[in-house]
Amino acid sequence: RDSSGALRGDVRDAERVKRLLQDTAKIPEFLTVPISDWNEDKKAAAENDPFKAFAILRKIQKRVPGVSDHSLHIIWRLRQPGVCDEFRALSDLDDNDELPYASFRGADSLGASALAFLSDGFLNFEDYSDGGIYVSAFAAECGVDIDVVEVALDAFEADSKATQCTATQATDAIFIKAVRKGVEAARRMGRKRVAIFPYAGIVDGDGRVHKDRYEEKVLSEQLFGRFGRQLVRAAGGDDESMSEKDLIAAVEKKMVVHNRVFMSRRLLTALAMEGGAVYRRAGKGITAVEQDLEGMAAALIGGMIETGGLNVAYTGSQAKRFQGRSEVLNDAHFAVRFMRDVAFADAAGGDAAAFEKAYKLVKKLLAKELFSREERMMQRLAATSVLLKEEGLATLAKADAKAFRKRPCPTYDTIDAGMFSRALAAENGRKGGSASAKLVRDFFDPKVKQSKKNKRKAKNIIFSG
């Protein structure tokens, strides 16, 4: 924190946002036209641009094909001096015209693994008060003899074959092959080394910070969580019985975890408002900008499973084109992204402050009106109204429940969009939610065939009270 008590990441990004607004750099003409419409002159101008944004975009897309051409302007902005120096260092092409951190890599020691994972300048989770895009890495010993990585990888492979579905086994196998290839290369060097396993992600939801999302990932059944727990066990820790303090003491000589913020929500929003015109012209929202930036992060740090990283799903706003490797959103995350996209459209022509003002207004709209054209969200709204009847304020997020202690409980007709999205997140946090809510969701879902008994139960719930 600085002398006023403000977090240093917040202070730094406030200055960067101010610099973006004051930036008088002339926008090159090739950025004003979609890449697909370039003539030879514009293509030549992009290839000769000193900031090399176009060359870097193509390198990123080679690693993460879901990143869209729309992101060129964002990359160009980030490559400007003083805007985001750590991004510029991370994306500088090496002597072979390649991204320097995009391949499987190691370090000579655990102490040296932080800079081997990421270029200098990226701050810790604790330096920011908001969410955004984060990058994490496990670093563990491997090399000359069988050590933590080799033991963890064998256990992970056996567990994958015994417990995972065919599709997950297939992606696990890609990761295992890449890691074994990388570790073998380190072993041939004839000395003990440390292998690095990077991951890039985004923090969705209002009021959530990077630490919240990281802890969810560690405990998840996704690749990040499953392999991370095997590393801990191989390093001498028992993640099921040890206290956090004892666990850290047991494994700290064999492995470390690095957590950094790739881009705060504040800076991301400012970039989207300043360089997102091409997304608007294509009918895209701020969610697409966020997805492309997340994809950039995964590419730049070597986060995909093909290079021994822990990102399985292709990220980027074009990721849906890649069946089986695209992200699946839960309803709470969808609701937040939908609201942010509406605010992005409403705030067109404004700055980050205009977006935040529009977003506050969107969250206050009635959920039944804002999501009226989204069939799935209307099903969830009906189910949430059932929970509100049965469980009352316990259905809401804690802060909302506290605010409504002396007020009538919200209903289907009165709950606003922001409160509804937070209620969905709260329901996700409870184990399984309500059986009644599931009955209602299934009743409205044409893909679900309910029994006559369950249909009758659902109707009774819907039309009661």
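Predicted model: local features only at pLDDT ≥ 70, side-chain atom pairs only at ≥ 80, totals over all residues.
**Entry: a lysine over a ring**

I started with Lys363, which lies over the face of Tyr359, at 4.5 Å from the ring centre. Is Tyr359 buried or exposed? I looked it up: Tyr359 is buried, and Phe355 is buried too.

I looked for a second case of a charge over a ring and noted Arg407. Arg407 lies over the face of Phe404, with 4.0 Å to the ring centre.

**Entry: ring pairs**

How many aromatic pairs does the structure hold? I got 19. Phe355 and Tyr359 make one of them, and I have it down as stacked, with 5.9 Å centre to centre and 15° between the planes. Phe30 and Trp38 gave me an edge-to-face pair: 5.8 Å centre to centre, 90° between the planes. I checked the burial of both, and Phe30 and Trp38 are buried.

I also followed ring pairs from one residue to the next. They link Phe104, Phe156, Phe175, Phe197 and Phe227 into a cluster.

I found that the axes of α16 and helix α12 (residues 265-275) come within 8 Å and cross at roughly 105°. So I wrote down α12 as roughly perpendicular to α16. Which residues make the contact? On the α12 side I listed Thr269, Ala270 and Met273, and on the α16 side Ala352, Phe355 and Glu356.

Next I looked at α12 with helix α1 (residues 8-22). Their axes come within 9 Å and cross at roughly 10°. α1 and α12 are therefore roughly parallel to each other. From α1, I noted Asp10, Asp13, Ala14, Arg16, Val17, Leu20 and Leu21 in the contact. From α12, the contact residues are Arg266, Leu267, Ala270, Leu271 and Glu274. I put a mark beside Ala270, as Ala270 is also listed in the contact with α16.

**Entry: the sheet**

I moved on to the strands. I traced an open sheet of four strands in the order β1-β3-β2-β4, with antiparallel pairing. The edge strands are β1 (106-107) and β4 (255-264), each pairing on one side only. I then looked at what packs on the sheet: helix α10 (residues 223-234) touches β2, β3 and β4. The direction of α10 makes about 35° with that of β2.

How many bridges join β2 to β3? I found 10 between β2 (residues 132-142) and β3 (residues 193-202). I picked out Ile133, whose bridge partner in β3 is Ile202, and Ala137, which stands opposite Pro198. On the other pairing, two bridges join β1 to β3. Here I noted Gly106, with Ala195 as its bridge partner in β3.

How many residues of β3 are buried? My note says 10 of its 10. I wanted to see the two faces separately, since in a regular strand the side chains alternate between the two faces of the sheet. On one side I have Arg193, Ala195, Phe197, Tyr199 and Gly201, and on the other Val194, Ile196, Pro198, Ala200 and Ile202. Both faces of β3 are covered.

Terms used:
Residues numbered from 1 in each chain as written. Heavy atoms only, no water. Pairing = 2+ DSSP bridges. Contact = heavy atoms within 4.5 Å. Axes fitted to C-alpha atoms, helices over the stretch in contact; angles between N-to-C directions. Phe/Tyr/Trp six-rings, centres within 6.5 Å; stacked < 30°, edge-to-face > 60°. Buried < 20%, exposed > 50% of the residue type's maximum accessible area, 1.4 Å probe, protein only. Lys NZ or Arg CZ within 6 Å of the ring centre and 35° of its normal. Parallel < 35°, antiparallel > 145°, perpendicular 65-115°, else oblique.
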